[in-house]
Amino acid sequence: MTQPTPQSVSPITSHRSHAATTGASEAELIEQIGQLKAQLRQNQAMASLGELTSTATHEFNNVLMTVINYARLGIRNRDDASRDKALSKILEASERAARITSTILAQARNRSDAMEPTDLVALVQDTMVLLEREMNKYRVSVATEFAEGTAKALAAGNQIQRVLLNLLINARQAIGEGGQLVVAVRNSDDGEHVEVMVRDSGCGIAQETLPKIFQPFFSTKSGPDESGKGGTGLGLSACKEIIDSHNGKIRVESSVGVGTAFTIRLPKAS
Ligand SMILES: Nc1ncnc2c1ncn2[C@@H]1O[C@H](COP(=O)(O)OP(=O)(O)OP(=O)(O)O)[C@@H](O)[C@H]1O
Ligand SMILES: [Mg+2]
């Protein structure tokens, strides 16, 4: 076996060399790796909360501008029709603002980290609220397809929201400027699961790259984009870990130049 070059030393390899000097047993190493993985998960949760908070702050500000502008319009135009319109726009925007803050508070308090019957349609809707502005900015048209009578899934809502955010941000980045994004929620054919599909019309993933995309630190991105997102290569590995811990499945279909569809499948809540 050839010696790895210093640049390609993986965290695990460096722990092996550490073991050589300290004499740690294999069992101790495995435990250390377990601890590091737990720490990494915690860090990822904190990082995605940070990302979510900054996205939500922008969104919130946007909503406030709508409220301010319509309040001004209502004051300037004293006729009933204009005032009614202004008030209903203000109400709509305020309801959206309330949804944004409640999503952040739920994530911050880790309220729904417990496995419980979770309405995935509502979760998708809450998540889309957070990304609306970003999708508009990159001229991504978003369509949702929610099948009638979709069952609740047995899931930790916070964690699934993290998965959705990762998939949606990947999709947005793959699209670049202008394209389509479809998010669908439906019962699975076997009647035992609920599925969420995120499909984009982006660049697609080459056949030879597909087996690597769930590996930690695999990324084809050179670093964070202008929105400050992406590039560590941990998004999909975190998604897989979360979905595995739900006894679910994540699968991908992709075609270069056409687009990519990720589907997550979660057990139905009985
Ligand atoms: N929807 C998609 N379309 C095209 N390529 C994708 C898509 N989703 C993921 N990929 C590919 O899989 C790689 C790994 O994705 P992953 O989300 O794990 O990491 P990342 O987006 O590069 O970085 P981050 O840790 O910030 O998420 C990406 O770099 C990209 O090459
Ligand atoms: Mg990603």
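Trainee: Which residue in β4 stands opposite Thr144?

Mentor: In this predicted model, Thr144 faces Val183 in β4. Strands here are DSSP E runs of at least two residues, and helices are H or I runs of at least four, numbered from the N terminus. Two strands pair if DSSP finds at least two bridges between them. Here β2 (residues 140-146) pairs with β4 in the parallel sense over seven bridges. Residues are numbered from 1 along each chain as its sequence is written. Local features need pLDDT of at least 70.

Trainee: How many bridges join β4 to β5, and in which sense do they run?

Mentor: Seven, and the two run antiparallel. For instance, Val182 has Arg199 in β5 as its bridge partner. The pair makes a hairpin with five residues between the strands, and Gly191 in the turn has a positive phi of about 75°.

Trainee: What about the nonpolar core: which residues touch the most other members?

Mentor: First the idea: such a core is a set of buried Ala, Val, Leu, Ile, Met, Phe, Trp, Tyr and Cys residues joined through C-beta atoms within 7 Å. Buried means 20 or more other C-beta atoms within 10 Å of the residue's own, with C-beta atoms placed from the backbone. The largest core has 38 residues, and Val163, Leu164, Leu167, Leu168 and Cys239 touch the most other members. Its largest share, nine residues, comes from α5.

Trainee: And which helix gives the most to the shell around ligand 1?

Mentor: That's α5 again, with four residues. A residue is near a molecule if its C-beta atom, placed from the backbone, lies within 6 Å of it. In total 22 residues surround ligand 1, with Ala174 and Ser219 among the closest.

Technical notes. Chains lettered and ligands numbered in written order. Predicted model: local features only at pLDDT ≥ 70, side-chain atom pairs only at ≥ 80, totals over all residues. Buried ≥ 20, exposed ≤ 12 C-beta atoms within 10 Å, placed from the backbone.
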